[in-house]
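Please walk me through this protein model.

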Amino acid sequence: MRCLIVKTGETELLRDSKIEGISDGEVFRSGVLLSRLLQRHDVYWYGAPKKLQALFPPQHNLHFVDSFEDIGEPDVVFYLERTDIPLPDKWKSKVRGFYLDGDHWRTNPRVPELEDIIYSTGRKVRLSHAHWLYKLCGMTWSGEPYWSYLRIGVGERRKVPLIGLNPRVGLKWSQKAWPMERWWSLAKKLQNQGYEVTWQPGGTMQSYVDWIYDLDLLISVDTLGLHIALGGRVPVIGLFGPTYPTEIPRWGVGLWLWERSGKMAHSVDRVFNVARNYLGAIRGGYIKGQYDISLSNK
């Protein structure tokens, strides 16, 4: 079976943003579909091939394309955007996902609850992004993890844990940011405790992934780095405010802090104390950081 995924990251599954742009985090976490589809099918993903290749590991039956002419004839089309990307007319009967009905986006198969979430401002999301994504595509999520590069051979534990701070957010969701003065205060408290601190780097996507995979712990806002850490089984503390932590499974390595006010008002002391306790759990062996089965190496 030949599957086509149409997902560029221009829109997010569960919410809209008035600011245009590509959400790399939204693209990455949509890759949870690959953990199911790649076991039996050839998958073509329409988007930006170079960026997709940096986010996902190579697989013989996974192809990234930027033209429908490179696909042939798909058996099913998973249309995951709420933007108008013209499909060949002969494919439209094969679409699962979103479709435009007048001036409203509907779902096929019909998922009224998901449509309500999209169009209801401030509605709390009680089930995970993966749950809704699979349902949008006519499937049931069974706990599959992100399709991702896995961290291979963490090696001997450092005497001094290395903690990464991941403060930057994209323009589409600037309200996810935690104030920089609090990041600086947190860094100082961690260093005074004897931990080594490293900051989110610039550079390529691959260098960003490599930085995360070298950490003992990542502290991050709700953005791409958090999802990359989960995909590689890197212990991560997530700071949430305007988005809901229930959207993101923790997969055994995530620990979520949420401000119910919807504001990023976490205190430095709270984040510091949670980080110190979590590092103790990691070093005590309670956080394994490995999958029992590597789906990305099948």
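Glu12 lies in the loop between β1 (2–6) and α1 (24–30). Helices (H or I, at least four residues) and strands (E, at least two) are DSSP runs, numbered from the N terminus. The model is predicted: local features need pLDDT of at least 70, side-chain atom pairs count only at pLDDT 80 or more, and totals for chains, interfaces and linings use all residues. Residues are numbered from 1 along each chain as its sequence is written, and side-chain values use heavy atoms, with hydrogens and water left out.

Is Glu12 buried or exposed? Glu12 counts as buried because its relative accessibility is 5%. Buried means under 20% relative accessible area, exposed over 50%, partly exposed in between (1.4 Å probe, protein chains only). Beyond its neighbours within four places in sequence, Glu12 contacts Lys7, Ser23, Glu26, Arg29, Arg82, Trp173 and Lys176. Contact means heavy atoms within 4.5 Å.

Now the helix pair. The axes of α7 (residues 205–213) and α8 (residues 224–232) come within 10 Å and cross at roughly 60°. Axes are lines fitted to C-alpha atoms, for helices over the stretch in contact, and angles run from 0 to 180 degrees between N-to-C directions. Therefore α7 is oblique to α8. On the α7 side, Met205, Tyr208, Val209, Ile212 and Tyr213 meet Leu224, Gly225, Ile228, Ala229, Gly231 and Gly232 of α8.

Finally, the whole protein. It has nine helices and 11 strands. Of its 298 residues, 55% are buried.

Note on methods. Angles under 35 degrees count as roughly parallel, over 145 as roughly antiparallel, 65 to 115 as roughly perpendicular and the rest as oblique.
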